[in-house]
Amino acid sequence: MLDERYDLETMVQVAKMYYPQNMNQQEIAKELGLSRSTVSMMLTKARECGIVEISICDVTDNDVEQAERLQKMFGLAACIVVPTSAGDSKLVSKIVASRAAEYAEQHLASHSTLGIAWGSSCYDFMQYFPKNSHLIDVNVVPLIGGSKRVGSEYQLNEMVRAFAEKLRGIPTFMYVPGLADSVADKALYLKSMYMKEIYHKWKNLDAAIISVGAPPDFYIGNNVIDPFEMLYLYEQNPARTVGDIIARRICYSGQFLHEDYDARIIGIEEDDLRQIKHVICLASGKHKVLSIIGALRTHIIDVLVTDSNTASLIFQILEHKGHSAGLAGKNMSDTLTYRPL
């Protein structure tokens, strides 16, 4: 019930200044010629009478309906859809990474071998993973060689070292580039004894933490292109790169591309990825929606952790009028031609 001491219009104005405009009570009092105590009481009454409704989005929760739908649609072992209304893609990515770290801590096993990829999502995952975990003797292996990028999220050896320390395990390092200058150079790198050891570990991984790279278009100026506009391009050209898994390019139908670029990658091979018992993928954002669909269609991912907005867009894309319903199951040649964007 409204308090007769306060003018309704002023109460609404105070609420708008305090919440959407992020003004503090002293600033509001000065602006409206009120005392600070009056502003405080108005805000209290605004909540009591329903002018202001405060809801908390629990990011440790799971949108079960969306999660079960994705799980069934793509044959996942598990799925977590974090409910969030946050609009900042970087913030959402961190929230998803935090939830993925929580899930992983509960489901990874001690005395196991874990593969990890580079990128901001995986970097955040390792940052959020608890230092006081119950896990011990989890050995960490990089899934790809080094990157020329200078960001911390691409310094995989350092990420592996820090993560292995949290897991009280042994880190494995790679002193080769993620992308060789030529196929011949890659062959030379692979002849080294320590690379043979790494290849052996890749074939015996118990689990892996990965993400999904956005379409190449996004990295040209970091522009988020509307996924519905992009959808037409991928349906017209099924061999077009939609994203990547550990730098290996994939198309919208879920096939890996096999071109010179992909042949030069010094990283875990597709067949070895498929043999991993527990692949956890964390990915979110409007710019990655089509990439996530393509990645899920590879059937490499066992567990997906994403957010509710991304999940909703995935459903909208798949239900989009004019969408080629049979594309997901379309058989395509292993020698698809990569057409540069």
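Phe173 is partly exposed, with a relative accessible area of 28%. This residue is a starting point for a walk through the structure, which is a predicted model. Its partner is Tyr175, and the two rings form a tilted aromatic pair, with 6.3 Å from centre to centre and 55° between the planes. The pair is called tilted because an angle under 30 degrees would count as stacked and one over 60 as edge-to-face. Tyr175 has a relative accessibility of 62% and therefore counts as exposed.

The chain has 341 residues, and buried residues make up 49% of them. Its secondary structure comes to 15 helices and eight strands. Among contacts with a separation of 6 or more, 72% are between residues 24 or more positions apart.

How many aromatic pairs does a search of the whole structure find? The search finds nine. One of them joins Phe125 and Phe163, whose ring centres are 5.8 Å apart and whose planes stand at 75°, so this pair is edge-to-face. The pair links distant parts of the chain, since Phe125 belongs to helix α6 (residues 120-128) and Phe163 to helix α7 (residues 156-166), 38 residues apart. Together with Phe129, the residues Phe125 and Phe163 form one aromatic cluster.

Helix α6 also holds Ser121. With a relative accessible area of 6%, Ser121 is buried, because the limit for that label is under 20%. Which residues does Ser121 touch, once its neighbours within four places in sequence are left aside? They are Ser93, Ala97, Ser211, Leu282 and Lys288.

The next topic is how helices pack. Two packed helices are described by the angle between their axes and the distance between the axes. Helix α4 (residues 64-74) and helix α15 (residues 308-318) have axes 10 Å apart and pack at an angle of about 45°. That angle makes α4 oblique to α15. The crossing of these two helices, α4 and α15, is left-handed. On the α4 side, the residues that meet α15 are Gln66, Arg69, Leu70, Met73 and Phe74. On the α15 side, they are Ser308, Ala311, Ser312, Ile314, Phe315 and Leu318.

Two residues from those lists, Arg69 and Phe315, have a further relation. The charged end of Arg69 sits over the ring of Phe315, at 4.0 Å from the ring centre. Another arrangement of this kind involves Arg297, whose charged end sits over the ring of Tyr252, 4.6 Å from its centre.

Helix α2 (residues 25-32) and helix α3 (residues 36-48) give another case of packing. Their axes come within 8 Å and cross at roughly 110°. This makes α2 roughly perpendicular to α3, because angles from 65 to 115 degrees are given that description. From α2, the residues Gln25, Gln26, Ile28 and Ala29 take part in the contact. They meet Arg36, Val39, Ser40 and Leu43 of α3.

Most residues other than glycine have a negative phi. What is the phi of Asn22? The phi of Asn22 is near 60°, a positive value in a residue other than glycine. Asn22 is found in the loop between α1 (8-18) and α2, and at 64% relative accessibility Asn22 counts as exposed. His111 likewise has a positive phi, near 60°, and is a residue other than glycine. The loop that holds His111 runs between α5 (89-107) and β2 (113-116). His111 counts as exposed, at 57% relative accessibility.

Lys286 is partly exposed, with a relative accessible area of 40%; a value over 50% would be needed for the label exposed. In sequence, Lys286 and Thr310 are 24 residues apart. In space, the distance between them is 6.2 Å, C-alpha to C-alpha.

Note on methods:
Residues are numbered from 1 along each chain as its sequence is written. This is a predicted model: local features need pLDDT of at least 70, side-chain atom pairs count only at pLDDT 80 or more; totals for chains, interfaces and linings use all residues. Side-chain values use heavy atoms; hydrogens and water are left out. Rings of Phe, Tyr and Trp (its six-membered ring) pair if their centres lie within 6.5 Å; planes under 30 degrees apart count as stacked, over 60 as edge-to-face and the rest as tilted. Helices (H or I, at least four residues) and strands (E, at least two) are DSSP runs, numbered from the N terminus. Buried means under 20% relative accessible area, exposed over 50%, partly exposed in between (1.4 Å probe, protein chains only). A charge sits over a ring if NZ of Lys or CZ of Arg is within 6 Å of the ring centre and within 35 degrees of the ring normal. Axes are lines fitted to C-alpha atoms, for helices over the stretch in contact, and angles run from 0 to 180 degrees between N-to-C directions. Angles under 35 degrees count as roughly parallel, over 145 as roughly antiparallel, 65 to 115 as roughly perpendicular and the rest as oblique. A crossing is left-handed if the near helix is turned anticlockwise from the far one by less than a right angle, and right-handed if clockwise. Contact means heavy atoms within 4.5 Å.
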